[in-house]
Amino acid sequence: MSDIIIKSRCSIDSSAAVVNGKRMPFSGDFSSGIRELYRSNEINYPKFYKMDDLSKLAFIAAELALKDAGMLQENYTVKTGVILMTSNSSLDTDCRFSQSITDSDNYYPSPAVFVYTLPNVMAGEICIRNSFKGDNCVYISGLCDWGFIVDNVRFLFETGKLEACICGWCDLFMEEFSADICYVERCEDVTGYRLFTSENVKM
Amino acid sequence: MKSVFVEKYSLLTGLGESVERNFNSILAGECSIHSEDFHNGRISFSRIKSDIINSRSFRSPDTSRLEKHMIISIEDALSSSYADPEDPSTIFLFSTTKGNIGSLNPADPYKINSGRIRLHEMAIFISTYFGNPNTPYTVCNACISGLSAIITAKYLISGGKYKNAVICGGDVITDFVAAGFSSLKAVSPEPCRPFDEKRNGLSLGEACGTLILSDEDRTGERIIVAGGSQSNDANHISGPSRDGSGLYLAVDSALKEASLTSADIDSISAHGTGTVFNDEMESKAFESAELSAVPVFSLKGFFGHTLGAAGVIESVLSVHAMKENIILPSGGFETCGVSGSISISGKYKNTKNDICLKTGSGFGGCNAGVVFKKNV
């Protein structure tokens with residue numbers, strides 16, 4: 001029977017990146033740890049270095065999930081979406097931008113920083129990398145609300161808007177960060193796959 | 001799936017308080033945008049007048065200016081609504097880009113311990129103010145946030161999770177936002193002129209609006225949210241696609257959900273920021289969608305680009321125009337300056353306006369289309 005499955009999943013926190021059960025240690029501070037994941041997984045996408053930290057985190061989590069599923073740079077349908085949730089929004093970069101405009105004698109607002117003062121830019125970065133053109137939205141919540149994410153994404157599938165989606169949680173403020181991202185898609189034969197339900201993603 | 005009806009709405013803009021006031025000002029061609037010096041340059045902006053909040057009292061002394069706008073707007077919409085904010089079947093949704101960012105401590109922005117700078121804290125503060133028992137949802141999706149919130153509310157109601165949704169969109173002009181848009185050289189020194197050949201940037205606006213959606217047509221107005229969809233250009237994080245193909249996808253998907261074609265559309269309430277690239281992109285998307293003959297207007301020439309409020313307040317005014325059978329004019333427009341074949345609405349017209357397409361586009365490459373339909 002056709003249903004929506006979790007094809008791949010990647011979570012990252014300050015101790016490890018876990019991709020479909022495979023664990024890679026996260027070492028050092030965010031900046032060095034995330035670069036190490038980029039290098040050790042042989043990702044070649046120089047735009048990564050221009051991203052702010054929140055986008056780097058979302059990008060690597062999506063990249064590792066897609067890569068492990070053998071999906072990276074495949075020809076996706078335009079109906080692939082990105083639905084993410086975060087708590088701190090773009091606050092980390094907001095603070096950085098704020099510091100650049102506080103002192104009128106040392107006033108240096110940078111457009112390259114300002115564009116990252118919106119959290120949905122992390123969704124945009126994933127879309128650009130993979131040519132995802134479907135529904136994309138970022139929600140703010142104190143905690144990761146998988147029930148809402150699953151229902152929302154399932155609704156987008158049921159109304160015919162999506163056939164695949166990167167979805168989940170991505171949050172960062174200073175050295176506190178966590179990401180938990182699933183790549184889900186419609187599957188004709190779900191045997192052997194984990195169905196995309198809120199019970200399953202919470203396990 | 002259940003139909004989702006527009007029940008009540010309200011707004012505050014630089015033009016003033018109340019939908020009627022704003023609507024009449026727009027028909028009269030008034031504009032609340034001014035020019036001001038800003039760090040060795042000039043920018044144009046529209047602000048909500050302070051007497052609107054100064055004449056009211058608020059329960060909590062630390063209520064921010066944005067929160068006051070939101071409370072006033074929601075109170076106004078609820079006052080004539082059947083939706084009970086204290087009932088668990090009512091959900092609150094907020095759309096904002098920067099919320100209380102003005103409360104960051106300039107000396108040490110990273111030290112955050114007050115001011116409800118985290119957007120969900122502000123949302124909970126407001127929904128609790130109205131006694132709502134649910135955790136509110138907050139959308140932060142750049143300049144399409146308001147439309148994303150409407151699309152989200154449509155899903156929450158049509159799927160039967162809630163009976164009513166109170167959608168509040170708001171942003172205020174801060175040094176943060178003004179510095180950012182100025183650094184991008186996106187702000188016009190004069191009031192913006194969407195789609196005009198002389199356009200040279202956007203005007204920053206602040207506004208707040210509330211839209212109440214319901215699963216029942218208790219007002220007899222028969223206006224539904226017939227479709228809504230979001231897309232991504234997958235092209236650039238801060239510039240629109242040149243060909244409008246991303247916006248086209250959102251429009252096409254929204255029309256399909258509404259079971260309508262381009263020939264059914266009576267009016268288009270565009271994003272129309274007044275920047276060279278945005279308006280050009282939109283004109284191409286509308287031409288691709290075979291909407292060249294449909295009157296298009298942008299409301300930003302009247303009160304600026306109101307960011308997280310834009311999708312909500314521009315939908316409010318577009319729906320009000322449907323009720324009045326009026327097609328609104330495009331503010332600041334004189335001579336067409338876009339290459340896509342579109343029909344800009346120069347002066348307002350009294351004519352059938354049963355189906356309106358509202359669009360938006362924003363940073364991150366996002367686009368949205370929402371179709372409002374009068375069931376006649």
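In strand β8 of chain B, G205(B) is the bridge partner of S46(B), with helices and strands taken as DSSP runs numbered from the N terminus (helices H or I, at least four residues; strands E, at least two). Two bridges join β4(B) to β8(B), residues 204-205, and these strands run parallel; two strands are said to pair if DSSP finds at least two bridges between them. The model is a predicted one, in which local features need pLDDT of at least 70 and side-chain atom pairs count only at pLDDT 80 or more, while totals for chains, interfaces and linings use all residues. Residues are numbered from 1 along each chain as its sequence is written, chains are lettered from A and ligands numbered from 1 in the order in which they are written, and side-chain values use heavy atoms, with hydrogens and water left out.

On its other pairing, β4(B) (residues 41-46) is joined by five bridges to β3(B) (residues 34-38), and here the strands run antiparallel. Taken together, three strands make an open sheet of mixed pairing in the order β3-β4-β8 of chain B. Its edge strands are β3 and β8, each of which pairs on one side only.

Elsewhere in chain B, N134(B) sits in the loop between α4 and β6. N134(B) is buried, at a relative accessible area of 18% (buried means under 20%, exposed over 50% and partly exposed in between, with a 1.4 Å probe and protein chains only). Its side chain reaches the backbone oxygen of T90(B) at 2.7 Å. Apart from neighbours within four places in sequence, N134(B) is in contact (heavy atoms within 4.5 Å) with D87(B), P88(B), T90(B), I91(B), S127(B) and Y162(B).

Attention now turns to the interface. Here 52 residues of chain B are in contact with 53 residues of chain A. The area buried between the chains is about 4,400 Å², and carbon and sulfur atoms give 66% of that area; buried area is the accessible area (1.4 Å probe) that two parts lose on being put together, summed over both. In chain B, the residues that lose the most area to chain A are Y110(B), Y155(B) and I237(B), together 17% of what that side buries.

Across the interface, 21 residue pairs are in polar contact, both residues being at pLDDT 80 or more. A polar contact is a pair of N or O atoms within 3.5 Å; within protein, one must be able to donate a hydrogen and the other to accept it, and residues adjacent in sequence count only if both atoms are side-chain atoms. On the side of chain B that touches chain A, the elements giving two or more residues are α4 (119-129), β6 (137-139), α5 (145-158), α6 (175-183), β10 (223-232) and α7 (245-257). Of these, α6(B) gives the most, with seven residues. Residues on this side divide into 26 nonpolar, 20 polar and six charged (Ala, Val, Leu, Ile, Met, Phe, Trp, Tyr, Cys and Pro count as nonpolar, Asp, Glu, Lys and Arg as charged, and the others, Gly among them, as polar). Strand pairing also crosses between the chains: two bridges join β5 of chain A (residues 136-140) to β6(B), which run antiparallel, and I140(A) has T138(B) as its bridge partner.

A search of the whole structure finds 29 salt bridges over all chains, each being a side-chain nitrogen of Lys or Arg within 4 Å of a carboxyl oxygen of Asp or Glu. Between chain B and chain A the count is three. One salt bridge links the side chains of D94(A) and K98(B) at 2.9 Å, N to O. Another is formed by E257(B) and K161(A), whose closest N and O atoms are 3.1 Å apart. E257(B) lies in helix α7 of chain B and K161(A) in the loop between α6 (146-158) and β6 (164-173) of chain A, so this pair joins two chains. E257(B) is partly exposed at 22% relative accessible area, whereas K161(A) is buried at 6%.

Within chain A, the side chains of D68(A) and K22(A) meet in a salt bridge at 2.8 Å, N to O. D68(A) belongs to helix α2 (residues 53-68) and K22(A) to strand β3 (residues 22-25) of chain A, so the pair ties together parts that are 46 residues apart in sequence.
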